[in-house]
Amino acid sequence: MGVLLCLAIIVGCWYIFTSWYSHGDSNQSVTSKVNKEVAKDNAPVQLAKKVQKSASEEPEEDPFLGREMQAQFLQVADLYKQNSRYPVGSIPVVGERFAQPIEPFEQAEVDTPYPLDEDDTDPIRISASLEKMEYFAGESILARVLVSGGEVDEYSRIEVSGSVMGVSNGRDTGLNVNFERVNFNEFRSVIDTQAVPSGQIPREALLALTLKLEDGRSLAQTVPFFYNGAASARVENVLNSRQDGAFLIIPLQYNVFESGYYFVDSILDDAVTGQPLVQLQAEGRMQIGNGLLTLKAHIHALMDAGSPGPYTLRVVSSFRAGTLSETRDVAATVSRPLGYYVEGAPFDQYEDTPFVDPEVQERIDFLEEIGGEEQEEVPETSQGSEEKL
Amino acid sequence: MKVLSMLFVTSTLFLASVLSTDVEAKIAGKNIIFVHGLQTSHLLQARGTLTAAQRRTDAIEQAGIFAPKVDDYITYSSTERLQGVIQQEVYNQVKQLEAAGTCAQGCLLVTASTGDLVTRYMLSRLNAWNIDSSRFRVLGVVDMVGAGGGSELADVAVSALTSGNFLSAIARSAITAWLGGDLSGSAPSFLGVLNDLRPTVARVTATSNSSIPRVKIAGGGQIVALNLTGGFISGTDDGVVGLHSACGARYKESIDSCSNSIRIDGRLASANGPSWGFYHNQFPILMAEDMAHTQAATTNPVGRLVAMNKGINLGGVNINPAERQFTTGSWFWKKTFRIVNYNESIPFATYLVSQID
């Protein structure tokens, strides 16, 4: 009983305190509650002086009163400034999901509910997916259909049929696909493209599915995918990496089958731990034959990721950009999907200079100007220049 | 739908005429380029019949209250594919802007809906197109109710329309209301940019990291004619796109806020936000709980505005922007909200422009 009484007193005191405290908070600008918790930034100076003044005196003046949106842009300028410590082609990715290998059936999945009416709170759902989004001639296309929701008792009587459809060489194509039940709510199909006549699968195709239910309803679903007759190029190897100023230069060697403008997206892993470290991207023009795209890892990205190497470079995707007269990009293949060895170097062998891009600085200035900041002269601090990724 | 369109156009033209008399284009001294969203009316027209003049007229209409601030437009035919006719149309206009020097001193791009995806694609191709970065300089992008991550409605529409099987009466109503007409039996190629708006396609399109900052404004409202569409979209949506898209989330997720610590109604509490962050250099700044997809540039009320960013660090002092914080209830029912100090009777677009002009 005594314990309960004490508890009641404590809770009562807490309630009185919080009521009083929240009353003080209610319906007033938060800005007046300037606090001095964080003291680490390189933010605009003039407004800061104003704020510091109002902080040291009675904070009557609210620097953002009436310009709340401007404040948001100032904050974006701050966040953008933080991001821009690294070139966009060299970003630390420790812990990021996109640095993990793409799981089968993850990328090309279409999940749709089929409510009967507005009151249908547990509608049947069809999740149709392909093992991957981008296929090459000769590969097998693996398709999966999962059924959930609705009446589970009906699942055993569901029938699935499908076809690959699209437009190839100006005419509609259609290729029937058979599905087999592999589980009470799962159906699978394998399309052997080696057995399919040429031109039957267009470069951009839809796997069109029809699910027939016992009650006579038929549910339609389509999954888009890309089918390349041939690869535009093949990533063959990584040539010797080398340091150049604040960068680790990683030349990526291609065998180019079609000239054009290429993009590459890759992840640099620690070769020992397998930990993803830095996302590296590059782009550039390559001619038929031997081609090179150069990845550049900035020292600060490597340092922040915490590994001087050696590394493994995984090419996530590479493609030739479709020209203006083409309707699709054309993917490149990779000779070693598990990665290429890349030599590292001790951090003290790099030039430890911050990355500064004049165009980025101009964008920061613009965001701050929208935010109501007057611009000051920015001293030259870096040798950095605009990187083409 | 037609009534809605009439109301939209009437209010837009009225405001445009009022504003155009004394509003100067440019924001922070820079030109504004508007990239419109999906023009559903295009889907009802035969391919190849849209003129550049008609596209521009449609774009001006969609820019709504923003129109007087816009210096130029980048337009495209919604009945075409992004990699195909649209990229050619966009390329031609960027070359014109480059030649005219419209963005030589820097531009701010403002996009709506599908304009988010089109702009992401365009910016990723500037080097491939040999665009002179000193003649076409993009300093930033504002994406309103962006569809850069696609919309599940496009999945439903393409599946239903290509099969001629509308799945259910509710799906038929939703798709017909969204697209403004019955397109059943249409070939996938006829559905144009809708194919690019499918999340699986949109999320493998133009995935390069960009050095251009993009601010995102998201809505969570519904309009009456489209109140059936939400059931097909993951998480909270504005009737056409889910927050995973409008917030710039890196993955398609079923989310109810752009933040993990503030909800779309402004409540300070754990929120179902993106688990895996945002696209590089994409920054959600605002959520409007009642803003439906087509309302960002209209006079319709958008309800509370909720800012994403908690505080700003100025000269070593951490402060919160002028916002209103209040509590409701008490004891265990006590809830604390933080919302932007915004007069909800002012059209959102007018407020936004007045703030950043």
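In chain A, strand β6 (residues 140–148) and strand β10 (residues 186–192) pair in the antiparallel sense over seven bridges. Within this pairing, Leu142(A) has Val190(A) of β10(A) as its bridge partner. The model is a predicted one.

β6 and β10 belong to an open sheet of five strands in chain A, in the order β3-β4-β6-β10-β9, with antiparallel pairing. The edges are taken by β3 (108–114) and β9 (180–183) of chain A; each has a single partner strand, so one side of each is left without a neighbour in the sheet. From one strand to the next, the twist averages 20 degrees.

Two packed helices are described by the angle between their axes and the distance between the axes.

| Helix pair | Angle between axes | Distance between axes |
|---|---|---|
| α4 (residues 82–100) and α5 (residues 114–124), chain B | roughly 70 degrees | within 11 Å |
| α6 (residues 152–163) and α7 (residues 169–179), chain B | about 105 degrees | 10 Å |

How do α4(B) and α5(B) lie to each other? Their axes cross at roughly 70 degrees, and angles of 65 to 115 degrees count as roughly perpendicular, so α4(B) and α5(B) are roughly perpendicular to each other. On the α4(B) side, the contact is made by Leu82(B), Gln83(B), Gln87(B), Val90(B) and Val94(B), and on the α5(B) side by Leu117(B), Val118(B), Tyr121(B) and Met122(B). Of the residues in this contact, seven are nonpolar, two are polar and none is charged.

α6(B) and α7(B) pack at an angle of about 105 degrees and are therefore also roughly perpendicular to each other. Here Leu153(B), Ala154(B), Val156(B), Ala157(B) and Leu161(B) of α6(B) meet Ala171(B), Ile175(B), Trp178(B) and Leu179(B) of α7(B). The residues of this contact are nine nonpolar, with no polar and no charged ones.

Which residues does Leu194(B) touch, not counting residues up to four places away in sequence? They are Leu38(B), Leu43(B), Ala154(B), Ala157(B), Val158(B), Trp178(B) and Leu179(B).

Technical notes: Residues numbered from 1 in each chain as written. Chains lettered and ligands numbered in written order. Predicted model: local features only at pLDDT ≥ 70, side-chain atom pairs only at ≥ 80, totals over all residues. Heavy atoms only, no water. Axes fitted to C-alpha atoms, helices over the stretch in contact; angles between N-to-C directions. Helix = DSSP H or I, 4+ residues; strand = E, 2+ residues; numbered from the N terminus. Parallel < 35°, antiparallel > 145°, perpendicular 65-115°, else oblique. Contact = heavy atoms within 4.5 Å. Nonpolar A, V, L, I, M, F, W, Y, C, P; charged D, E, K, R; others polar. Pairing = 2+ DSSP bridges.
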